[in-house]
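I opened this model to look at its inside, its surface and its open spaces. My notes follow, one topic at a time.

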Amino acid sequence: MKRDGLDAPDVGFAFLERFWGKGYAVETAAAVIAHARETLGVKKLLAITALENRGSIAVLEKIGMRFIKTLRLPAHDNDSRLFEIDL
């Protein structure tokens with residue numbers, strides 16, 4: 001999706017707690033990255049996560065995304081961590 005305040009589409013994921021730690025986030029996010037690169041021709045993907053969301057941060061790093069900065073998106077009450085991957 002393309003969020004207001006970001007200059008590229010971003011990848012996101014959310015799972016019920018009973019599905020955490022099973023590798024689904026890594027598998028699906030990696031598939032989205034591959035589809036964006038190979039089928040859609042996207043050159044850069046972003047991702048945001050809550051500052052304290054260690055699980056999501058670990059997933060984003062595992063799929064090759066790198067932390068860029070902390071920011072606050074329009075219409076959001078809290079800061080987020082911004083990650084990026086060049087495709």
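**Phenylalanine 83.** I listed the contacts of phenylalanine 83 in this predicted model, leaving aside neighbours within four places in sequence. Its partners include Leu45, Leu46, Ala47 and Thr49. I also found Ile57, Leu60 and Glu61 among them. Met65, Arg66, Phe67 and Ile68 are on the list too.

**The cores.** Next I looked up the largest nonpolar core, which has 13 residues. Which of its residues touch the most other members? They are Leu45, Ala47, Leu60, Ile63, Met65 and Phe83. So the phenylalanine I began with is one of this group; in general, nonpolar side chains in soluble globular proteins tend to be buried together.

H1 gives the most, with 3 residues.

**Aspartate 10.** I moved on to a charged residue. Aspartate 10 sits in the segment before H1. Is aspartate 10 buried or exposed? Its relative accessibility is 5%, and buried means under 20%, so aspartate 10 counts as buried. I checked its side chain for a partner and found arginine 3. A polar contact of 2.9 Å joins the two side chains. Leaving aside neighbours within four places in sequence, aspartate 10 is in contact with Met1, Arg3, Leu46, Ala47 and Ile48.

**Lysine 69.** I looked up a second charged residue. Lysine 69 is in strand E2 (residues 66-71). Its relative accessible area is 43%. That value lies between the cut-offs of 20% and 50%, so lysine 69 is partly exposed. Leaving aside neighbours within four places in sequence, I found lysine 69 in contact with Ser80, Arg81 and Leu82. Lysine 69 and serine 80 are 11 residues apart along the chain. Their C-alpha atoms are separated by 8.5 Å.

**The largest pocket.** The largest pocket has a volume of about 430 Å³. I counted 24 lining residues, and the closest to the centre are Phe13, Ala25, Gly55, Ser56 and Val59. H1, E1 and H2 each supply at least two residues of the lining. The largest share, 5 residues, comes from H2. What kinds of residues make up the lining? I noted 14 nonpolar, 7 polar and 3 charged.

Terms used:
Residues are numbered from 1 along each chain as its sequence is written. This is a predicted model: local features need pLDDT of at least 70, side-chain atom pairs count only at pLDDT 80 or more; totals for chains, interfaces and linings use all residues. Side-chain values use heavy atoms; hydrogens and water are left out. A nonpolar core is a set of buried Ala, Val, Leu, Ile, Met, Phe, Trp, Tyr and Cys residues joined through side-chain atoms within 4.5 Å. Buried means under 20% relative accessible area, exposed over 50%, partly exposed in between (1.4 Å probe, protein chains only). Helices (H or I, at least four residues) and strands (E, at least two) are DSSP runs, numbered from the N terminus. Contact means heavy atoms within 4.5 Å. A polar contact is a pair of N or O atoms within 3.5 Å; within protein, one must be able to donate a hydrogen and the other to accept it, and residues adjacent in sequence count only if both atoms are side-chain atoms. On a 1 Å grid over the protein atoms alone, a cavity is a set of points where a 1.4 Å probe fits but cannot get out, and a pocket is an open set with protein on both sides within 12 Å along at least five of seven lines; lining residues have an atom within 4 Å of a point. Grid points are joined across faces, edges and corners, and a volume is the space filled by probe spheres set on the points.
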